[in-house]
Amino acid sequence: LTRSFSNAAPASLRSPNEDDLTHFRSILAPHQIVTTLGNSSNSRNDLDPYNRDWTNRYQGHSSLVLRPQSTQQVSSILAYCHERRIPLVPRGGNTGLCGGSTPLSNEVVLSLEYMNVIHSLDASSGILSAQAGCILHDLHEYASQRGYLFPLEIGSKGTCQIGGNVSTNAGGQYYYRWGGLHGNVVGMEVVLPDGRVLRLNMAEGRSDVHGGMDSAASVGGCHRKDNTGYDLKHLFIGAEGTLGVITEVAVACPPLPTSKHAVMIVCESYSTVLEVLVAAKEELGEILSAMELMDWQTLTLVRGSLGDSSVSGEALLLDEMLDTKNDSTTASSPPLSQSTATTPQSPLYILVETQGSNSEHDASKMDSFLTRLYDSLTIRNGFLATDSKRIHTLWNIREACNPAVSRSGYVYKYDVSVPIEEYMDVAAEVKETLSSQGSSFFPETAVCVWGHLADGNAHINVVTPGIFTKDESLASHVDESVYGSVLRRRGSISAEHGIGQSKSEILGKIKDRSVLDVMVQLKQLFDPHGIMNPGKVLTSDMVSNMKS
Ligand code: FAD
């Protein structure tokens, strides 16, 4: 971990100026430009949402936001910026958790928000094709109205865009059941930094007409199987806007499940969690769709975020789950401290969901699963949901984890993959090193863990309750503790959130040198002037050092 890196903007790039604005005004309508350059009527406040990330941890200083409506416009903008060495940051729904869509300084922000046309869903293949700026939730609705399930589900679905999802290779709750975007994205249109448009396993042309692509042209030409040489679309899945701008995607959707069941299981210890995991796989088999884990500390914060209200289904259920009546603390003023190791007082919660096509069959499988748990395992409690309202309540609790923790203080966020047996061990080590330092060194912290258990993907969030500013010394201490613990377990420092600006430096330190070299070579091949999202994924000096 001794190599050091810099993220300063490369000297070869320049900020946009008034002449550039004049050019962009010649190709875009006034409502497609937000800027404080020149004689614009916009203020800094109009630019603020584009300069801040969802977590409020990153601040950019862009003075120009462009909002193209067509692939043709994206292509013209990129070709112009490529020629003049003006850096750009593609922006989707801005829900990324690594600062990937926040400019580092004064790059042009290229927002896909107006490219939100859903083209079609082919009734026989289930392939849905849409522009990259479509909101994920809209794709869910569109697919389900046509009898299909959009196979990506994440808590930010009301805001994030499919182009952002593909660019971050988002994982989510159904990764275990439906697989990742590398499997489900079957076609893509992407604009390269020099303005060239690549249609990868997609029908030719037509996408340059805003909203004008007809269904036949859009889905025809997109096949589930296409083995004609290098499969370039995979390079853009997870590239976080560093290789080009995704403007359209085609996604294979499975038939909509007609039967759903869910249960929240309360376990005394992580060893019971592992037994529940094995039992779920064995008893539920092909209908097991999700297994999410939450710790007590996190759910206490979720309950706290609901306030004193005990009328909502979520609050009532959480009171039962947390067993607050028997606790000395109240749910609305949750205790926060480092010393919340997994003890009998701090149980773990697993949300298990099944999806299938035969309710009777699925209910009988769920029944066998629960019988096995109650007969042979030491689970503390279980909350079954068979109707959609109660299933929603369980998922609302799960999806409230991220926002509730973010509202309680500054969050040092980690998204790691470790062997499933060691899922809770990284957080336990972090708690131990924090408490060994004593409270005189650092502000009070709470360590919250939740995530996609079946995939070995843990979200570890160290929060300083009531303090919303970053403590640099605490940050480097926690970084060292989390990354050290993950690397000792041969885990991954980013399971599904990507690298963005928050992990580019650590990536440079830990990634195998020869792999990094090939990544830099690819970057130079696609983006020789380094205009695409500089300083994200690869630090600026990794790219420039390779040149020399
Ligand atoms: P943005 O944040 O706008 O951008 C993310 C990156 O992609 C940036 O580098 C940006 O430059 C690039 N980009 C965006 N659009 C394009 C494009 N069209 N072409 C090229 N590059 C582009 N993530 C998970 O994986 N699983 C989860 O379960 C999950 N749950 C979440 C829950 C909450 C409450 C929140 C706030 C976030 C969660 N996330 C999760 C993280 C986030 O929602 C995902 O990373 C999401 O895919 C980002 O999409 P976006 O449209 O918001 O992208």
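Trainee: How do the residues of the shell around the ligand divide by class?

Mentor: In this predicted model, the shell around the ligand holds 22 polar, twelve nonpolar and four charged residues. Among the 38 residues around the ligand, those that come nearest are Gly 92, Gly 96, Gly 100, Gly 163 and Gly 164, and Gly is counted with the polar class.

Trainee: Why is helix H10 called roughly antiparallel to helix H13?

Mentor: H10 (residues 270–284) packs against H13 (residues 359–376) at an angle of about 150°, and their axes are 9 Å apart. Angles over 145 degrees count as roughly antiparallel, and H10 is therefore described as roughly antiparallel to H13. The handedness of their crossing is right-handed.

Trainee: Which residues of H10 and H13 meet?

Mentor: From H10 come Val 276, Ala 279, Ala 280, Glu 283 and Leu 284, which meet Lys 365, Ser 368, Phe 369, Arg 372 and Leu 373 of H13. By class, this contact has six nonpolar, three charged and one polar residue.

Trainee: What share of the residues in the protein is buried?

Mentor: Of the 548 residues in the protein, 51% are buried, a term that requires 20 or more other C-beta atoms within 10 Å of a residue's own. The secondary structure of the protein comprises 20 helices and 16 strands.

Note on methods. Residues numbered from 1 in each chain as written. Predicted model: local features only at pLDDT ≥ 70, side-chain atom pairs only at ≥ 80, totals over all residues. Axes fitted to C-alpha atoms, helices over the stretch in contact; angles between N-to-C directions. Helix = DSSP H or I, 4+ residues; strand = E, 2+ residues; numbered from the N terminus. Parallel < 35°, antiparallel > 145°, perpendicular 65-115°, else oblique. Left-handed = near helix turned anticlockwise from the far one by under 90°. Contact = placed C-beta atoms within 7 Å. Buried ≥ 20, exposed ≤ 12 C-beta atoms within 10 Å, placed from the backbone. Near = placed C-beta within 6 Å.
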